[in-house]
Amino acid sequence: MLSSYKRLGFIGLGVMGEPICRNLVTKSNAGVITFDLAREPLERIESAGAAIAASVADVVRQSELIFLCLPSATHVRAAFEGDGILAHIRPQQIVVDLGTSSVKQTRDFAAQLQIKGAAWVDAPIARTRQAAQDGTLSVMVGASPELFAAIEPLIRCFATDVTLCGEVGAGQVTKILNNMVLFETVTALAEAVAVARRSGVDPELLLQTLSKGSADSFALRNHGLKAIVPGAFPERAFSTEYALKDLSYALELAADAGVALRGAELTGTILQEAIDAGTGKAYFPVIAKLIDRSLD
């Protein structure tokens, strides 16, 4: 089923944003106008059929529904305030935030848009850049059932698993906890690989064997076997800095709920140590190098 929205905006053409936007351009049956601070992805997406906007305000003025795919809550706030979304939003417009962001900020922005007769939806994405390219992301949505039904066809242009998690903010809660579990699992995998290597067991054999039992996970098969074992920690992937940012949202959420997250706090310490060691821009399973050195 195609969406009834015919004019889409897209702000943020980074590692995930560009392939998501490309899928909307080719699959949504809608016109897409885009904005990013970098010229190169704008030129690439223009060649795919999108129009280019001069600013965030320009996107809002020309769109019925606006997608955001920005690196952090700080970037989202920059797009929201000033000569941005809040200043130019119109009644009936919808803003869909695909990034992982603060729950408090998400609900605050939703309340401000509601006053203007518009709506804010949190729809953070999960899985890899390859999944973004293939249109097979998982998306966790915070919205009313009615609004979810209206926007789901557009989200399915770039996602195969789309889950309504509850009202606004619930998508962020779910994604933040997803990432918290992922980061803690990758820490455990890095520890297991380091000990195996020092104990005469081949790390790849270890993880392949664990994948056949109760320790199997998406993290093991992807972050473990494809990053930790071969030592592949590129930049322009999900960085250690981004991981710590997302983990900070989990710790903030836990503090508000009155829950002490000792495992998450330890993982946060490890991520910060990896950043201090100069690997903040590298793919976050690079913490394996730090953990391996700690055994010396």
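Helices H9 and H10 lie oblique to each other, oblique being the class left over once angles under 35 degrees (roughly parallel), over 145 (roughly antiparallel) and 65 to 115 (roughly perpendicular) are set aside. Before you click, note that this is a predicted model, where local features need pLDDT of at least 70, side-chain atom pairs count only at pLDDT 80 or more, and totals for chains, interfaces and linings use all residues. Residues are numbered from 1 along each chain as its sequence is written, and side-chain values use heavy atoms, without hydrogens and water.

Select residues 170–198 for H9 and 203–210 for H10: their axes come within 9 Å and cross at roughly 130°. The axes are lines fitted to C-alpha atoms over the stretch in contact, with angles from 0 to 180 degrees between N-to-C directions. Helices here are DSSP runs (H or I, at least four residues), numbered from the N terminus.

Next, show side chains. From H9, Leu189, Ala192, Val193, Ala196 and Arg197 meet Pro203, Leu206 and Leu207 of H10, contact meaning heavy atoms within 4.5 Å. This H9–H10 contact has seven nonpolar residues, no polar ones and one charged (nonpolar: Ala, Val, Leu, Ile, Met, Phe, Trp, Tyr, Cys and Pro; charged: Asp, Glu, Lys and Arg; polar: the others, Gly among them).

Now for the cysteines. The model has zero disulfides, a disulfide being a pair of cysteine sulfur atoms within 2.5 Å. Select Cys21: its nearest cysteine sulfur, that of Cys69, is 9.5 Å away. Cys21 is buried, at 0% relative accessible area (buried is under 20%, exposed over 50%, partly exposed in between, with a 1.4 Å probe and protein chains only). Finish at Cys165, whose nearest cysteine sulfur, again that of Cys69, is 17 Å away; Cys165 is partly exposed, at 27%.

Technical notes. Helix = DSSP H or I, 4+ residues; strand = E, 2+ residues; numbered from the N terminus.
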